[in-house]
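Let's walk through this structure together, one part at a time. Please keep the viewer open as you read.

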Amino acid sequence: MKPILCAALLLGAAAPTLAQSTGDDAKALTVLNRMADNIGALHSCSFRLASSHDVWDGEAGMLVKLHNSHDVFLVGPDRMLVNSTGDGGHKGFWYDGRDAYAYWYGENNYGHVAAPPTITETIDQIHEDYGVDFPAADLLSPTFVDDLKAQSQSIAFAKTVRIDDQECFHIIARGNDQDMELWVSNDAMTLPVKYLFRTREKGQTTEYEGTFSQWKMNPDLPATIFSFTPPPGSREVRLVARNEKPAGKANSGGKKK
Amino acid sequence: MNALIRGRAASAVAIAIIAGQLVLVSGDAFAQRMSRGGGGSRGGGGRSSSSASRPSTGTSNHSYGGGGSSRPSTSHQPSTSNRGGSGASINGGNQSLPSQGSRPGSGGSATQGNRGGNSASTSDRNRNNNNNSGNRNSGNRNSGNTNVNINVDNSRNTYVRNTNVAYARPPYAYGGHAYYCHHPYYYRPYVPYAYGPAYHPWGFFLATMAATAIIVSVATPAPVATSTSSTVTNTTTTVTESRDYYYDSGTWYLKDGSGYTAVAAPVGATVKSIPSEAETFVVNNTTTYFYGGGFYEKVSDGYKVVPPTAGAVVSNLPDGGEEVKVGDQTYVKFGETYYQPIQKDGKNMYEVVQVKEQK
């Protein structure tokens, strides 16, 4: 708990500092770094993320918004459980430091891959290989602040606002193709409360939004929850990597061989 | 500051297909929207007081593809106790560079010296894709009439023909490819259809060929390249080979050592009859027959093996298929052909998928 207490004290001391900063970027970066420090100091945590994102509905010919909810449990450096429900179906992801399993509740099947030794590497690798995106992975990244700086032309502290009765710093990062808005709690924990990505591509703007709730810092989580046991009757399926050339690719031209 | 480019989810958002967008997997349209590693290597201690000594992500060398991995079978067991509050950081600690002068003193001892350069290279992992089509030695043949070793690439027998029929339904998108079907995805577990004792799935080894079997000589559709060396020049010639297949009651075999191995029906082969259990349907205005994973069309002297046609719908699939997860959808794969579970007229069926590269 020391880091948290320390953060609380620092934040209290920082409030006047924020107000006295000469530039908005400095304010914003102070908040972002504190948030990243606090997340990085966590040995375990859990939270719920309510997300929505725009996808192109080819049949409707328009963007539609899909909603999902994710319960996330992390124990550093190598345990992760994510349980997701919503428009994307009910799915779970288990990582125990050695193996990663994805389980589709609706189909009662699962896939398995060997995984790297840390949460962050696993998130990166599974994303790279299989396109799996993990809730709030960007904010949990140890290089979040640098990543945001690298892709933003400006990062500005906008104002303080209240979200669900919680005072938050509203930070806006503007980039060429993507903007990010982030709301960080103005309290001892300085944790993310909400974020919004706005991406511009091919003349179209899509949004991804996530709202955190039920943050728990350094909870005692039983190790057993991170181990996947195939449910009765479930079937293992082979996961096709994103870069695996689909063998069923049709011959061009429709000619018979 | 150079950003390390990790798979950027944002680029695929606009083309993502609603039917395939699920939450946790296949997240081309989902959360991880930022390029990563703006501060360089994410290995190292970072500024937190935790013992974050994350190895470089560029050294991962795991074999993917599921099942047995190459990792040593040392005593793996998740930690037996609660780790909260006493273990390592969940992410190794904040490793972003402190902003100049704006941060109140915490983290002054950042280990920034280790941050440059090494990107989180995730592209050089060894993978075991189980994609057999690329692993055959189709050109490995000595031309000296001895030690002839021709490896027949049966994958060509299961490649899919386009129908040139427009799809009204948007494809399922994954990994830069679009998976087209006329019918919506309707999952059910793959339960192989039992044709009867005469049928054998691909790969089945038969010690003795039945007396009723016939030999069908089939020219290999693709040329076999051989290299002829001389003291002066190297020349490459193209030779069209033929193989003797054994056909019995709808199952095709190739001689394999002391016995015979069931293989995919060879495209181009013609037989006088096919089992009466063969399913008949019309696709691309052509009456087509399906038996044991093989597609046939009626010709003047019998039934000719043809490649699967995209959009063809079959009631059952035999033994020998593999369930694979493509993003969030589960297909049954036979050789090079993907079958999507569907429902047609209230009946569970499978449709041959047309796979196209997305531009």
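The paragraphs below begin with confidence, move on to the strands and sheets, and end with aromatic rings and a helix.

This is a predicted model, in which local features need pLDDT of at least 70, side-chain atom pairs count only at pLDDT 80 or more, and totals for chains, interfaces and linings use all residues. Residues are numbered from 1 along each chain as its sequence is written, chains are lettered from A and ligands numbered from 1 in the order in which they are written, and side-chain values use heavy atoms, with hydrogens and water left out.

The model scores ipTM 0.82 and pTM 0.73. Chain B has a mean pLDDT of 67, with 53% of its residues at 70 or more; pLDDT is the predictor's confidence in each residue, from 0 to 100. In residues 1-31 of chain B the pLDDT is below 50, and beyond near neighbours in sequence this stretch has 149 contacts in the model, a contact meaning heavy atoms within 4.5 Å. Residues 223-235 of chain B also stay under 50, and for them the model has 24 contacts beyond four places in sequence. Where pLDDT is low, the predicted coordinates should not be read in detail.

Now for the overall make-up of chain B. You will find zero helices and 20 strands there. (Helices, H or I with at least four residues, and strands, E with at least two, are DSSP runs numbered from the N terminus.) Of the 359 residues in chain B, 52% are buried; buried means under 20% relative accessible area, exposed over 50%, and partly exposed in between, with a 1.4 Å probe and protein chains only. Among contacts in chain B between residues at least 6 apart in sequence, 66% join residues at least 24 apart.

Next, look at a sheet in chain B. Its three strands form an open sheet in the order β1-β2-β20, with antiparallel pairing; two strands pair if DSSP finds at least two bridges between them. At the edges are β1 (172-174) and β20 (354-357) of chain B, each pairing on one side only. Strand β2 (residues 177-180) of chain B is joined to β20(B) by four bridges, and Y180(B) stands opposite Q354(B).

What about the aromatic rings? A search of the whole structure finds 32 aromatic pairs over all chains. Rings of Phe, Tyr and Trp (its six-membered ring) pair if their centres lie within 6.5 Å; planes under 30 degrees apart count as stacked, over 60 as edge-to-face and the rest as tilted. The ring centres of Y179(B) and Y331(B) are 5.6 Å apart and their planes are at 25°, so this pair is stacked. Because Y179(B) lies in strand β2 of chain B and Y331(B) in strand β17 (residues 329-334) of chain B, the pair ties together parts that are 152 residues apart in sequence. Y179(B) is buried, with a relative accessible area of 3%, and Y331(B) is buried at 0%.

Another pair is Y190(B) with F334(B): the centres are 6.5 Å apart and the planes at 85°, so it is edge-to-face. This pair links distant parts of the chain, 144 residues apart, with Y190(B) in the loop between β2 and β3 (205-206) of chain B and F334(B) in strand β17 of chain B. Both residues are buried, Y190(B) with a relative accessible area of 6% and F334(B) with 2%.

For a contrast, find N285(B), in the loop between β11 (279-283) and β12 (286-291) of chain B. N285(B) is exposed, with a relative accessible area of 79%.

Finally, turn to chain A. F47(A), Y195(A), F197(A), Y208(A), F212(A) and W215(A) form one aromatic cluster. In helix α5 (residues 144-151) of chain A, six of the eight residues are buried, so the helix is largely enclosed by the rest of the structure. Among these buried residues are F144(A), V145(A) and L148(A).
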